[in-house]
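Have a look at the structure first, and then we can go through it together.

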Amino acid sequence: MTTITFRVSDEEKEFIQRMAEFNGISISELSRNQILESLENQIDLDLYKSALQAHHAKDESLSLQEMKKALDL
């Protein structure tokens with residue numbers, strides 16, 4: 001396992017430490033979890049934006065009325 005170091009202010013350290021204690025985990029675990037979750041959210045948002053753009057480029061959506069007609073309802 002490797003170590004990553006980053007600098008924070010005294011106030012930030014106190015906040016991070018309190019949040020780790022609140023969650024019952026170490027500062028290391030809190031930091032790792034939050035960084036990875038944030039990066040995964042960024043990937044998810046980028047994928048969503050790409051999918052939405054592709055959908056708008058070739059929109060094959062049907063209204064409820066069109067769907068009922070297509071299903072002969």
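This is a predicted model: local features need pLDDT of at least 70, side-chain atom pairs count only at pLDDT 80 or more; totals for chains, interfaces and linings use all residues.

Residues are numbered from 1 along each chain as its sequence is written, and side-chain values use heavy atoms, with hydrogens and water left out.

**Overall shape**
- The chain holds 3 helices and 0 strands (DSSP runs, H or I of at least four residues for helices and E of at least two for strands, numbered from the N terminus).
- Its radius of gyration is 23 Å, whereas a compact globule of 73 residues would have one near 11 Å (taken over C-alpha atoms; the globule rule is 2.2 Å times the number of residues to the power 0.38).
- Along the principal axes, the C-alpha atoms fill a box of roughly 65 × 25 × 25 Å.
- Buried residues are 4% of the 73 in the chain (buried is under 20% relative accessible area, exposed over 50%, partly exposed in between, with a 1.4 Å probe and protein chains only).

**Helix 1**
- Helix 1 covers residues 10-23 and reaches 20 Å from its first C-alpha to its last, close to the 20 Å expected at 1.5 Å a residue (the expected span is 1.5 Å times one less than the number of residues).
- Gly 24 follows helix 1 and has a positive phi, near 70°.

**The largest pocket**
- The largest pocket has a volume of about 460 Å³ (a pocket is an open set of points on a 1 Å grid over the protein atoms alone, where a 1.4 Å probe fits, with protein on both sides within 12 Å along at least five of seven lines; lining residues have an atom within 4 Å of a point).
- Among its 13 lining residues, Ile 4, Phe 6, Ser 28, Ser 31 and Arg 32 are the closest to the centre.
- Helix 2 gives the most to this lining, with 5 residues.

**Asp 72**
- Asp 72 lies in the segment after helix 3 (64-70).
- Although not a glycine, Asp 72 has a positive phi of about 55°.
- Asp 72 counts as exposed because its relative accessibility is 70%.

Key: Grid points are joined across faces, edges and corners, and a volume is the space filled by probe spheres set on the points.
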